[in-house]
Amino acid sequence: MSAATSSEPFLSSSGQPVSSPLKDVRTISRQMVGHFIENVVPCATLPGEALNGDVTTITRVCLELTRSMLDGRDLPGRAERVRSAAAGWAREGIPIDTIHHAIHEGFKLGFDLILANGITQDHETVAGVALRLMEALDMITSAVSVGYVRDLRSVVSEHHTAVHTLTSALLGGQSTSTMARECGIEVADRYHVVALELPPHPEELDSALDGNVVARRKLRRVQAELANRCGGKVLSLLSVDGGTLLLPVPTFSERDLDELIVYLSAAAQVPIRAVAMAAAPAEIPQVAEQVHELVDIVHRLGGESKVYRPHELAFEYQLTRPGPARDHLSSVLDSLEAHPDLLLTLEVHMATNMQRNRTARRLHVHANTVDYRLKRIAEITGFDPTDLTGLCHLRAALLIRSHRGRSAARTRRSQHANPLAG
């Protein structure tokens, strides 16, 4: 954006352009940078080469641009130089609030110099100077913001792509040494491999709202919380339904994982379930598959929001493995297929931790109806859900039935994607 040529006459006082005090731009720009160092606290922390080089140069460019606007002249290319400098500051990590604060300090100094030239009695001229300075300030701050944000987005995009590539490589069992060097991330000796389940936010199911937008907002909140809590140490592949986190074992303790899921659940506004297991980089693909199988089991069991470890789910996991016991238990509930109300009651009763009143409320029936249905389930299946032994068998049968349904669905999807699959 170049400075527009003003149609108004030059601003003058006592026959001299009001911009005269800004004529020696080299000297004034050095004085301004010295003022920044002494009075704009963040500037004092900038490297000397930045202050003596780029910052001084761009201060001079801004002065020249301001002088030209006070004089009603056009200086093509000056705003583009400001944008380019701001892009460089973004790459160097100079905070944008420091830049804007320094710009405003520079304009105050420039205004003081002009007023000191004796124009304070000419109110019309003072008003004209203030207006032109505001226009110059608007142009320069806009140029800085555009250049800074544009480059920052580019850098963030490049880093995000590199991290995504590295994470995918670790999960895929590929060599990561070259990728790690390129994106500046050191590969840890061991990682906590964490499978996350992100359940739908209640508003995703609201027909009056765009469910996709609600889901994406949920995901962005989780990603922002991860960035805030993990300080760039986490590698993640996430979707609106969940995904995988890789957290370096030396940096994150088991307790840190537990706390992290609490914070992520609060950010997502949904109860997040997770399963974590430590692994060396070469073991990550296999471990990732295992923890995702386990988090799927936790989902089907309706487990509470927390981080689970594999030993907590050993019994449930073993039930899903092929064998005679699984085949026998998977048939226990076949007799309830003709009674969907009984099957639903059993599922809800398990999910409410066998509390008949909660089960009744969830089903919108009387508690006596729940009792009757549980009695009918015992008569039909031969296993009493109010008895500990019967309850264990029915719970295991529900888990296997759910796993069997998921496996069949995956097979159908695979065959649909590849009609030749047999």
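Reader: Which residues are buried in α9?

Author: The model is a predicted one, and in it helix α9 covers residues 284-301. Its 18 residues reach 25 Å from the first C-alpha to the last, close to the 26 Å expected at 1.5 Å a residue. An α-helix has 3.6 residues a turn, so residues three or four places apart point the same way. The buried residues in α9 are Ile284, Val287, Ala288, Val291, Leu294, Val295, Asp296, Ile297, Val298 and Arg300.

Reader: Which residue with a positive phi follows α9, and near what value is that phi?

Author: The helix α9 ends at residue 301. It is followed by Gly302, whose phi is positive, near 70 degrees.

Reader: What is the span of helix α4, and which of its residues are buried?

Author: Helix α4 runs over residues 96-115 and has 20 residues. From first C-alpha to last it reaches 29 Å, close to the 28 Å expected at 1.5 Å a residue. Its buried residues are Thr98, Ile99, His100, Ala102, Ile103, Glu105, Gly106, Phe107, Gly110 and Ile114.

Reader: Which element gives the most residues to the largest nonpolar core?

Author: The largest nonpolar core has 34 residues, and those with the most contacts inside it are Val82, Trp89, Ile99, Ile103, Phe107, Ile140 and Val144. Two or more residues each come from α1 (25-39), α2 (48-70), α3 (78-92), α4 and α5 (123-172). The element that gives the most, with 9 residues, is α5.

Reader: Which residues is Ile140 in contact with, leaving aside its neighbours within four places in sequence?

Author: Ile140 is one of the residues with the most contacts inside the largest nonpolar core. Leaving aside neighbours within four places in sequence, its contacts are Cys62, Leu65, Thr66, Val82, Ile103 and Phe107.

Reader: How many residues are in the other core, which lies apart from the largest one?

Author: Among the members of this other core are Leu171, Ala195, Leu235 and Val298. Val298 is also listed among the buried residues of α9. The number of residues in this core is 27.

Reader: Is Lys218 buried or exposed, and what does it touch?

Author: Lys218 lies in helix α7 (residues 211-230). Because its relative accessibility is 0%, Lys218 counts as buried. Not counting residues up to four places away in sequence, it touches Leu198, Pro199, Pro200, His201, Glu204, Val240, Ala268 and Val270.

Reader: Which charged ends sit over the rings of Tyr263 and Tyr308?

Author: Over the ring of Tyr263, the charged end is 3.5 Å from the centre and belongs to Arg229. Over the ring of Tyr308, the charged end is 4.8 Å from the centre and belongs to Lys306.

Reader: How many disulfides are counted?

Author: A disulfide requires a pair of cysteine sulfur atoms within 2.5 Å. Cys230 counts as buried because its relative accessibility is 5%, whereas Cys392, at 45%, counts as partly exposed. The count of disulfides comes to 0.

Note on methods. Residues numbered from 1 in each chain as written. Predicted model: local features only at pLDDT ≥ 70, side-chain atom pairs only at ≥ 80, totals over all residues. Heavy atoms only, no water. Buried < 20%, exposed > 50% of the residue type's maximum accessible area, 1.4 Å probe, protein only. Helix = DSSP H or I, 4+ residues; strand = E, 2+ residues; numbered from the N terminus. Expected span 1.5 Å × (residues − 1). Core = buried A, V, L, I, M, F, W, Y, C linked by side-chain atoms within 4.5 Å. Contact = heavy atoms within 4.5 Å. Lys NZ or Arg CZ within 6 Å of the ring centre and 35° of its normal.
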